[in-house]
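Hi,

Here is the model for your pocket work. My notes on it follow below.

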Amino acid sequence: MGETLLAYKVFDRNVERYDAWYLRHEEIFKCEAKLLRSLKLRGEGLSIGVGTGILDVEAGVRIGIDPSINMLKLARKRGVETILSVGERLPFRSGIFDYVLMSVTLCFLTAPKPVLKEAYRVLKAEGEIAVCFIPRDSAWGEAYMEKARRGHPFYKHARFYTLEEVKRLLEECSFKVTTVKGTLSYPPNVKPKIEEPAEDVEGKGFICVKAVKV
């Protein structure tokens with residue numbers, strides 16, 4: 001398990017703190033949830049790094065894996081069928097899922113390519129993957145990297161990516177990018193507001209990239 005989510009033990013010990021962030025920041029949660037729903041992921045899906053499932057269920061995810069057993073306990077309460085596992089070794093046969101979701105998972109992976117290749121393996125022909133992340137070159141990414149430098153228990157383990165880096169990773173793992181959408185057009189130091197997802201992702205603090213298996 002240690003080879004995948006760098007901070008999974010930290011998440012395991014801080015489940016309530018993680019979940020409470022979304023509950024305290026309702027406007028931000030609703031923005032991100034709107035974005036996930038706008039991706040229109042259909043069929044049987046798998047969430048890699050499902051965590052507590054608080055965001056993933058908004059995309060319709062029914063099955064999720066994570067190395068944190070305490071996170072999975074909360075996800076199960078939200079109706080997710082949970083499996084204790086890691087993204088590098090998915091416990092599923094090949095070609096069975098219509099889509100894979102990785103919501104704020106990429107930044108906590110030691111090496112993303114093995115996980116993306118496993119996602120590719122378990123997807124059906126022309127199945128889709130959606131990778132949602134906080135861009136390094138956004139105001140939100142900069143704020144979280146500053147928190148990491150100050151020793152934040154979650155973010156100090158994170159590696160943040162730009163949109164171009166995420167697209168390149170997907171293409172190198174045999175996916176073709178089809179959709180890019182973003183939200184959180186405002187910086188983290190202003191009063192949050194609920195907004196609609198946009199295809200213009202310049203400066204957005206939360207971006208989802210959808211790609212198809214080719």
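The second largest pocket has a volume of about 150 Å³. A pocket here is an open set of points on a 1 Å grid over the protein atoms alone, where a 1.4 Å probe fits, with protein on both sides within 12 Å along at least five of seven lines. Volume is the space filled by probe spheres set on the points, which are joined across faces, edges and corners. Its lining (residues with an atom within 4 Å of a point) includes P135, D137, K204 and I207. By class, that lining has four nonpolar, three polar and four charged residues (Ala, Val, Leu, Ile, Met, Phe, Trp, Tyr, Cys and Pro are nonpolar; Asp, Glu, Lys and Arg charged; the others, Gly among them, polar).

Before the rest, some caveats. This is a predicted model: local features need pLDDT of at least 70, side-chain atom pairs count only at pLDDT 80 or more, and totals for chains, interfaces and linings use all residues. Residues are numbered from 1 along each chain as its sequence is written, and side-chain values use heavy atoms, leaving out hydrogens and water.

The largest pocket holds about 570 Å³ of space. Of its 36 lining residues, F11, Y18, Y22, V104 and Y155 are the closest to its centre. Helix α2 gives the largest share of this lining, five residues (helices are DSSP runs of H or I, at least four residues, numbered from the N terminus). In all, the lining divides into 21 nonpolar, nine polar and six charged residues.

Helix α2 also meets α4: V15, Y18 and D19 contact N70, M71 and L74 (heavy atoms within 4.5 Å).

Best wishes

Key
Helices (H or I, at least four residues) and strands (E, at least two) are DSSP runs, numbered from the N terminus.
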